[in-house]
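Colleague: I am new to this structure. Could you take me through it in short questions and answers?

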Amino acid sequence: MLWDCNTQFDYTFISRAFLSDSSVSLFIMGNRMIYFTLGLFLLICWYSDNVMAADSDPLQDFCVADKESMVKVNGFVCKDPKDVSAEDFFFGGLGQAGNTDNAVGSNVTMANVMQIPGLNTFGISLVRIDYAVGGINPPHTHPRATEVLVLLEGQLLVGFIDTTNKFFSKTLEKGDVFVFPKALVHFQQNVGHENAVAIAALSSQLPGAQTIANSLFAADPPLPDSVLAKAFRITQELADYIQKKFA
């Protein structure tokens with residue numbers, strides 16, 4: 001407003017307000033369009049970063065995933081609404097306990113767009129996690145989602161590591177909630193004396209999961225032994241032995 005009004009200001013007032021001399025004030029007054037343009041550009045940049053950083057609002061009531069379509073997009077194309085039924089919005093699998101008889105003693109039952117086509121474009125999904133006594137959900141990341149976990153039964157040790165390698169950890173009791181920030185490495189371990197069950201919501205219809213150990217030691221084709229050995233400061237023989245265990 002100071003540089004775009006018809007009132008004639010005393011330049012000394014402008015100079016004092018902006019801690020400058022009168023020549024700088026004259027320059028500012030004479031180049032108000034440059035500053036207006038720069039300010040508008042910065043405002044647009046701020047708006048894009050702070051307001052437009054989420055998915056756009058849906059332009060229809062729903063977009064049920066058509067997983068049979070050959071068209072490839074970031075997600076799934078919409079099924080014709082006349083072919084949509086209530087079954088597209090339903091999944092009955094989270095009430096059933098998962099089989100934890102495996103190497104890590106846990107089982108993840110997913111309820112994302114692959115199980116519920118009606119989740120397409122809505123940016124949310126669920127999982128049920130069952131833990132045997134002593135079982136773990138090994139260190140992993142969700143590259144596309146933040147996770148909010150609520151413990152339904154048992155006792156869990158949970159934690160995540162930030163990009164400065166700081167470790168955040170908490171022991172959860174029944175009814176407790178814990179947040180794992182997007183894409184950060186995290187885990188859960190059953191530290192109680194009975195089986196544990198948790199439900200987690202994730203901020204993506206298809207959050208993805210990368211288990212750290214599997215990504216490194218079960219990659220296909222395998223990572224070079226020399227890379228693993230140097231990264232973990234072990235011998236190449238030990239790196240090869242661990243790879244064989246995962247294979």
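Colleague: In which strand is the place of His186?

Modeller: A word first: this is a predicted model. His186 sits within residues 185-190. That run is strand S8.

Colleague: Is His186 buried or exposed?

Modeller: Buried means under 20% relative accessible area. His186 has 2% relative accessibility, so it counts as buried.

Colleague: Which side chain makes a polar contact with the side chain of His186?

Modeller: His186 touches several residues beyond four places away in sequence, among them Pro138, His140, Phe160 and Glu147. A polar atom of the His186 side chain also lies 2.9 Å from the backbone oxygen of Leu184. The side-chain partner, at 3.0 Å, is Glu147.

Colleague: How many disulfides does a search of the whole structure find?

Modeller: A disulfide needs two cysteine sulfur atoms within 2.5 Å. The sulfur atoms of Cys63 and Cys78 are 1.9 Å apart, and they form a disulfide. For the whole structure the search gives one.

Colleague: How many residues apart in sequence are the parts that the pair ties together?

Modeller: The link joins Cys63 and Cys78. Cys63 lies in the loop between helix H3 (32-50) and strand S1 (106-111), and Cys78 lies in the loop between H3 and S1, so the pair ties together parts whose separation in sequence is 15 residues.

Colleague: What is the angle about the S-S bond of Cys63 and Cys78?

Modeller: Cys63 is buried, at 3% relative accessible area. Cys78 is partly exposed, at 40%. Their link is left-handed, with an angle about the S-S bond of -105 degrees.

Colleague: How far apart in space are Val64 and Gly118, C-alpha to C-alpha?

Modeller: Val64 is in the loop between H3 and S1. With 0% relative accessibility, Val64 is buried. Its contacts include Val77, Cys78, Pro117 and Gly118. Val64 and Gly118 are 54 residues apart in sequence, yet their C-alpha atoms are separated in space by 4.4 Å.

Colleague: How much space lies in the second largest pocket?

Modeller: Rolling a probe the size of a water molecule over the atoms shows where empty space is left. For the second largest pocket, the space comes to about 520 Å³.

Colleague: Which residues that line this pocket are the closest to its centre?

Modeller: The lining has 26 residues. S1, strand S2 (125-131), strand S3 (136-141) and helix H4 (212-217) each give two or more of them. By class, 15 are nonpolar, 10 polar and one charged. The closest to the centre are Val108, Asn137, Pro138, Ala209 and Thr211.

Colleague: Which residues does a cis peptide bond join?

Modeller: Most residues other than glycine have a negative phi, and most peptide bonds are trans. Here is a cis bond, with omega about 0 degrees. The bond joins Asp220 and Pro221.

Colleague: What is phi of Thr121?

Modeller: Thr121 lies in the loop between S1 and S2. It is partly exposed, at 35% relative accessibility. Its phi is positive, though Thr121 is a residue other than glycine. The value is near 80 degrees.

Colleague: What is the phi of Ala183?

Modeller: Ala183 is in the loop between strand S7 (177-180) and S8. Its relative accessible area is 37%, so Ala183 is partly exposed. Ala183 is not a glycine, but its phi is positive, at about 70 degrees.

Note on methods. Residues numbered from 1 in each chain as written. Heavy atoms only, no water. Helix = DSSP H or I, 4+ residues; strand = E, 2+ residues; numbered from the N terminus. Buried < 20%, exposed > 50% of the residue type's maximum accessible area, 1.4 Å probe, protein only. Polar contact = N/O pair within 3.5 Å; in protein donor to acceptor, adjacent residues only side chain to side chain. Contact = heavy atoms within 4.5 Å. 1 Å grid on protein atoms, 1.4 Å probe; cavity = no way out; pocket = protein on both sides within 12 Å on 5 of 7 lines; lining within 4 Å. Points joined across faces, edges and corners; volume = space filled by probe spheres on them. Nonpolar A, V, L, I, M, F, W, Y, C, P; charged D, E, K, R; others polar.
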